Amino acid sequence: MSNGLSAYLSMFFGGIDGFSRSFVLLGLALAIGNALRFLTNRPAAAIGALGAPQPNRFFTVPVVLLRGGEPSLWWPFVLLWLGFWLGSGLRTTHWTLAVLVLVLIAVGFGLHLLKAVHARREEAVVSGPALAVLLTTGVLVLFGLLLTVRLEVVRDPAVGFVDALEGDAPASALTKVILPAAALALVLVLMMVKVRPGRIRFERPRHDRWHAGGLVVVFVLFAAPLVGDGQLTFAGIATPEYGKIVYLAVLAMMLADHAYGFRIQRKRLRDARGELTHAVKARRHLLYPFVLFGVVGVASMLKSDIGPLIPVFAATVTMVWLVVRAEVAQALDVSRRRGAARSVAATRTAWTYTRPMLVPLLALAAVGFLVMLTTSYITTRWETQRNPWVHNWAQSCVDPLDGTPPPVVPAGTSPCQETLAGAFASTHSQIAQSLATIADGGLWGRGLADTTSGTVPAGSSDLVLAVIWSKLGGIVVLLLSALLALLAAALAKLCRTTGKAASPERLFVGGFAGMVLAQFLFVLAATVNAVPHSGITAPFLSYGVQSTVALGIGVIIAVTLHYRTEPLPKPARAVAPRVGFSPSLLAFLMCVMLAWGVTIWPYTGLAEDRPFCDETSDVVDAAQCSTDRIAQGRTSVQIVIGGKAQYVRTGHDPTWEAAGATRGPAGRPRQGSSTAAR
């Protein structure tokens, strides 16, 4: 018992890594707690509107800095920054401090705008859900940018303070972390300069030609990389990232204009088959969502990139669900009932409204299944997901054919001939490397200075959650999951008070919340190998300038649309809170189950005591041996003489070292630093 307690104390207070871990955990936990206080409109966390007296005002210096609404907003940022600052050994002070200042400036501008809009509404305090959106978004952006500093700007944690300012570090810092933070701050500054921008005319019905134009714009944004780099960017701009926001706006207007179509009786739909024009017009509420989603699907297949389809599909389902729920609430058979009878009538009516969608859905699913069967890279990912441990991590050199002249190589090097099968195995071992990194990190992580996760392919983008797991532990991943769930819950609460039931504003806000939450859930599931990887990134956390800026703009648009509509009248009497189904809570519980599963079964059901695969073949028998090079590198053998360890051999290194010699993070003797270490 005492040994376990001392181990935990040394983990959290044994040096800089321990304090770094403590500050990161404390900052994230405080952000979650304060976001919950904002979301539930706790009076102790209230922030007054511009010009209004501040609630819970304190006058003594310690209390002013620690209690009240505004300290609840600012302290999580400071604690999180302290954790990353200490974890990097103070070497990245200049870059992390610049990121912190820019993010705090953006959050400060956002807070000022919220205070101003509530002052115009003659309200005394700022909306709690809006503050929860501001806090959770800001903390997630700050975490992602600080992690990018560690992984992309200063890759080697062993460099000195001055070395972190040399080489390509300044250019990387400018383009990868400072630019997105400055861009979001600039957007909020422009909104402050013109505090009351022109009303966005979402409420006007649009002609079909406007919807056709929206289809064209969405296709162009998603397909533009075909004439650029072929997959991700056009002229240096990741147009699909901004295309997701445009997709939400176009679909929101389409569904809002034709929401009434869900109430058309099936008999009238059948009667409209006689004339093509009438048949199409009667089904526009079904055709537009499927055609718009199909446009994105075609563009994605042309690029051989199905990643954008996942968040777009989640947003589409969310928005259609919101429309159906709004139309069901207006149905006469539902509105005149109360209690359990109302729930039964609502379920029956919802089934009636959505039944015409079954045939298009089945057709779309059949087409998607056929595309998956005929697309090689999709089937390969499915096979990799089913058997992640059969591929060797590193391919070995093979002897050249007899009579083949050796190539000319620089002095001090030797040629190495690789096989195509070996290259294939090395490429498709990234899921196994991700799982091994997660198992190595455990619940508490190895520290920000650890470089074990540097071997994970796409560790700063697609598999960033595995890297976070390795450095900061599974607890931090779960806290980040809770923050994403709280962001979606806060947006959902704003959605319920935005415009009319099926207005474009409400549909955009709800669709954006569903998109962000589903995207994070899918990335986590792919990281732990519950589903095949698609290449999409974790919202706000992965390295990606365009993705962070696009999602940040999406949050700004969602909150702005909420305040562009007239506030709903307050009820005459207090309404008791309803206990109901919460998609955000369900998503967080799914994240907990995924984390629990990969912690209990890190090798996807295979035995953990398998020997290491010493063979150099490209494909191995995963049931007989393990390809986990990280666990092998952590394994050590000791020679004990007289009850005391005298010599140690670690990992693959056959050399015996004297016990007590300084060793690297992966168990090998330190031989200097490497710029590729992460």
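**Exercise 1. Describe the overall make-up of the chain.**

*Solution.* The chain contains 25 helices and three strands. This description rests on a predicted model. Next, consider burial: of the 678 residues, 47% count as buried. Finally, consider the contacts with a separation of 6 or more: residues 24 or more positions apart account for 73% of them.

**Exercise 2. Determine how strand 1 and strand 2 are arranged.**

*Solution.* Begin with the limits of the two elements: strand 1 covers residues 636-641 and strand 2 covers residues 644-650. Their pairing is antiparallel and extends over six bridges. Within this pairing, valine 640 is placed opposite alanine 645 of strand 2. The two strands form a hairpin with two residues between them. In this hairpin, glycine 642 adopts a positive phi near 65 degrees.

**Exercise 3. Identify the residues of the nonpolar surface patch and the elements that supply them.**

*Solution.* The patch is formed by Val216, Phe219, Val220, Leu226, Val227, Phe234, Val298 and Leu302, which together have about 700 Å² of accessible area. Two or more residues come from each of helix 8 (208-223) and helix 12 (284-303). Helix 8 makes the greatest contribution, with three residues.

**Exercise 4. Is phenylalanine 219 buried, partly exposed or exposed?**

*Solution.* First, locate the residue: phenylalanine 219 lies in helix 8. Its relative accessible area is 31%. Buried means under 20% and exposed means over 50%, with partly exposed in between. Phenylalanine 219 is therefore partly exposed.

Note on methods
Residues are numbered from 1 along each chain as its sequence is written. This is a predicted model: local features need pLDDT of at least 70, side-chain atom pairs count only at pLDDT 80 or more; totals for chains, interfaces and linings use all residues. Side-chain values use heavy atoms; hydrogens and water are left out. Two strands pair if DSSP finds at least two bridges between them. Helices (H or I, at least four residues) and strands (E, at least two) are DSSP runs, numbered from the N terminus. Buried means under 20% relative accessible area, exposed over 50%, partly exposed in between (1.4 Å probe, protein chains only). Contact means heavy atoms within 4.5 Å. Patches are made of residues with over 30% relative accessible area and no salt bridge: like charges are joined within 9 Å, nonpolar side chains (Val, Leu, Ile, Met, Phe, Trp, Tyr) within 5 Å. Accessible areas come from the Shrake-Rupley method with a 1.4 Å probe; for residues, only the protein chains shown count as cover. A salt bridge is a side-chain nitrogen of Lys or Arg within 4 Å of a carboxyl oxygen of Asp or Glu.
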